[in-house]
Amino acid sequence: MIRVVPDQQVRRQLHETLQSVPSEALARVAQYGTVLEVYDKNAQELPLYAQHLRKPHCDGSYSPTANVVFVDQSNVTPLVLLHEFSHALDMAMGEVSKQASWVDGCARALTTRTCIRPYATRNPAEYFADNLAAHMIEDPKLVGMLQARLRQQPGLDKLELARSHVNYSRGRQQKADPTAHQLCAELFAQLPTLPQAPPRPALTPDQYRQVKLAELRQRKQSQPT
Ligand SMILES: [Zn+2]
């Protein structure tokens with residue numbers, strides 16, 4: 001599942017981070033064909049799908065087209081990786097976040113402001129990914145994770161980081177957004193019986209470029225002359 005890592009130390013960090021993920025969820029995502037990649041966001045060359053990393057506040061992302069989760073090498077932390085991994089899990093299960101329970105949960109969290117953080121209410125897919133990530137973090141581990149993130153990126157706004165993650169663990173989520181907590185608990189409990197999307201092997205950088213070129217050509221052809 002790990003396709004690109006700069007060195008063994010980062011590989012160990014990835015393995016450590018993935019220990020928070022229930023094994024059934026890991027198996028689902030692996031079976032779906034998702035791969036994990038770690039890059040230096042300042043490197044001269046990055047695959048086209050990972051260009052997002054060049055944006056100032058992007059430390060990781062998931063490309064549904066390429067089926068690749070990618071993170072910056074100085075941000076291989078649960079706070080980044082678990083969120084992006086959850087987007088892949090969403091797709092691996094046929095976009096669970098589009099089901100009424102998640103869509104309604106997101107709408108409710110937005111109107112009542114009962115949420116783990118405002119970012120989680122951007123749309124149902126973010127509601128799913130952010131809540132699932134928080135649910136995988138045990139309460140006693142949260143402070144250590146925030147400290148580790150600050151060590152990796154000393155330039156981060158300490159207060160902002162603390163404020164945006166004050167509810168970012170399982171027990172805290174239960175108080176901040178009981179609906180999301182229950183949806184996550186049910187999802188993990190029912191994981192073995194939930195549907196699985198057909199496998200979609202991750203695209204290579206070259207295959208991704210071809211797909212994008214084909215899209216571009218098609219768009220040009222359909223434009224009125
Ligand atoms: Zn997201």
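Modeller: Two ground rules. Residues are numbered from 1 along each chain as its sequence is written. The model is predicted, so local features need pLDDT of at least 70, side-chain atom pairs count only at pLDDT 80 or more, and totals for chains, interfaces and linings use all residues.

Colleague: Why is A107 called partly exposed?

Modeller: A residue is buried if 20 or more other C-beta atoms lie within 10 Å of its own, exposed if 12 or fewer, and partly exposed in between; C-beta atoms are placed from the backbone. A107 has 13 other C-beta atoms within 10 Å, so A107 is partly exposed.

Colleague: Where is A107 found?

Modeller: In helix α4, residues 100-112. Helices (H or I, at least four residues) and strands (E, at least two) are DSSP runs, numbered from the N terminus. The C-alpha atoms of A107 and Q190 are separated by 23 Å, and the two residues are 83 apart along the chain.

Colleague: What makes β2 and β4 a pair of strands?

Modeller: Two strands pair if DSSP finds at least two bridges between them. Strand β2 (residues 35-39) and strand β4 (residues 68-72) are joined by 5 bridges and run parallel. V35 stands opposite V68 there.

Colleague: How many bridges join β1 to β2?

Modeller: 2, and these strands run parallel. V4 of the chain stands opposite E37 in β2. As for cover, 4 of the 5 residues of β2 are buried.

Colleague: Which way do β3 and β4 run, parallel or antiparallel?

Modeller: Antiparallel, with 4 bridges. G60 has V71 in β4 as its bridge partner. The hairpin has 4 residues between the strands, and N67 takes a positive phi near 60°.

Colleague: What makes both faces of β3 covered?

Modeller: G60 and Y62 are buried on one side, S61 and S63 on the other.

Colleague: Which residues touch the most other members of the largest nonpolar core?

Modeller: F85, A88 and L89, in a core of 56 residues. Such a core is a set of buried Ala, Val, Leu, Ile, Met, Phe, Trp, Tyr and Cys residues joined through C-beta atoms within 7 Å. Elements that each supply at least two residues include α2, β2, β4 and α9. Helix α3 gives the most, with 9 residues.

Colleague: Which residues is F85 in contact with, leaving aside neighbours within four places in sequence?

Modeller: V21, V29 and V69. Contact requires C-beta atoms, placed from the backbone, within 7 Å.

Key: Contact = placed C-beta atoms within 7 Å.
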